[in-house]
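Hi there,

Here is the structure I promised to pass on.

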Amino acid sequence: MLMTLSVGWAILQAGRFVLSPLLPTIITDLGITEATAGLAFTALGGVYAVAQYPSGRLSDRWTRTTLIVPGLVVLVGGFLLYGVAASYSLFVVACVVVGLGKGLFAIPSRALVSDRYVERRGRALGVFAAGTDVGGLLASGVAVVVLSSATWHAPFVPIAVALGLVTLLFVRWTDEPYRVERTDLELATTVRRLVASSGQRRTLVAYALFYFMVGGFITFFPTYLAGSKGFSARLASVAFAVVFAVGFGVKPLAGDLSDRFRRQDVAAAGLGVAALALVTLVFVESTVLTWVTTLVLAIGYKTQFPLADAIVMDAAPDGGMGADLGAARALFLAASAVGPAYVGIVATYAGYPVAFGSLAGCLLVAALLVWR
């Protein structure tokens, strides 16, 4: 189950992240601006965020499988829509469908992994989260090929087919039944539990700021390198790949460290390193220094993904893990959804240094909140 879900997560993340290096081409082909492109990605992230809590809560009361399989099916449809999108409106519809499918899949899959790995939860979630970086690496390689030999639509039908195969494998191998019954979402009860202590409130605010940074940064990073640092489209795609290559190794390591030491201390250190690197990235002019700061930034911020999930799950009651994680991630991802619109609008009217510099400030505040 760990490997099946991790591969599925890697493939869907490849489909999501290939949009970033292709974004300049998409903007030109659809005749849109960075601001309107950011709004489309915000629609994807917004639907993804809204789906987090219901999918988590229902997976607690039904079964994880009952949510995972429909999520995969919806994702197949969403990526097929990307493959035929010839207008901005259809592109936005594809974003919404992919956001919904990803939301149905994300929490139940994490909860299923966590169900089966209790003592080594940090490491297992690190392996799962590394699927994001495998997907990012695939996306970067695919983008290089597409930019030189095909239209931006080309990758999405193969991605849909690959997700279809993962769906068939999961259906064959899962040992859970399918169960649907009337269930009260009990959102108010879950929210009260999440904000019951000052420590939990600080954690929620800290990771909302972190995910806001991630949403804006990862969407526009290749475009930023091409427009502000003089990188070619291919070289920007390689830099994009480096971020994910680092994450592939860092996430399991960070999860393992958090099993051995206080999770919040490991998280705060990573956030501080990322904040410093992002500020440096804004000001450096040298290509070599740009590569170095990109590497350090990736090391710092990639530590956070398994840690954020594990910190929330550690505090969740028995039978409420999916609900608590879903509610917390709904907040985190709502903040992430605003990130692309924020960076797109600020970059359009004030420039990337202002946009990315303010994101570094978010990381610094998040580090202080987590450390406390």
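Let me start with Val18: at 1% relative accessibility, Val18 counts as buried (buried means under 20% relative accessible area, exposed over 50%, partly exposed in between, with a 1.4 Å probe and protein chains only). Before going further, please note that this is a predicted model, in which local features need pLDDT of at least 70 and side-chain atom pairs count only at pLDDT 80 or more, while totals for chains, interfaces and linings use all residues. Residues are numbered from 1 along each chain as its sequence is written, and side-chain values use heavy atoms, with hydrogens and water left out.

Val18 sits in the loop between helix H1 (2-17) and helix H2 (23-30). Helices here are DSSP runs (H or I, at least four residues; strands are E, at least two), numbered from the N terminus. Not counting residues up to four places away in sequence, Val18 touches Ala139, Val142, Ala143, Pro155 and Phe156, where contact means heavy atoms within 4.5 Å. Val18 and Val238 are 220 residues apart along the chain, and their C-alpha atoms are separated by 12 Å.

One of those partners, Ala143, belongs to helix H6. Ala143 is buried, at 0% relative accessibility. Beyond the residues up to four places away in sequence, Ala143 touches Val18, Pro21, Leu22 and Ser237.

How does H6 pack with H10? Helix H6 (residues 121-149) and helix H10 (residues 233-260) meet at an angle of about 175°, with axes 8 Å apart. Axes are lines fitted to C-alpha atoms, for helices over the stretch in contact, and angles run from 0 to 180 degrees between N-to-C directions. That angle makes H6 roughly antiparallel to H10 (over 145 degrees; under 35 is roughly parallel, 65 to 115 roughly perpendicular and the rest oblique). The contact of H6 with H10 has 16 nonpolar, 10 polar and eight charged residues. In this scheme Ala, Val, Leu, Ile, Met, Phe, Trp, Tyr, Cys and Pro are nonpolar, Asp, Glu, Lys and Arg are charged, and the others, Gly among them, are polar.

Helix H3 (residues 34-61) is worth a look too: its 28 residues reach 41 Å from first C-alpha to last, close to the 40 Å expected at 1.5 Å a residue (1.5 Å times one less than the number of residues). H3 has a kink of about 30° at Gln52, shortly before the proline Pro54; the bend is the angle between axes fitted to the seven residues ending there and the seven starting there.

- Thr66 lies in helix H4 (residues 64-84) and is buried at 9%. Leaving aside neighbours within four places in sequence, Thr66 contacts Pro177, Tyr178, Arg179 and Val180.
- Ala328 lies in helix H14 (residues 321-349) and is buried at 1%. With the neighbours within four places in sequence left aside, Ala328 contacts Leu194, Leu204 and Val312.

Happy browsing!
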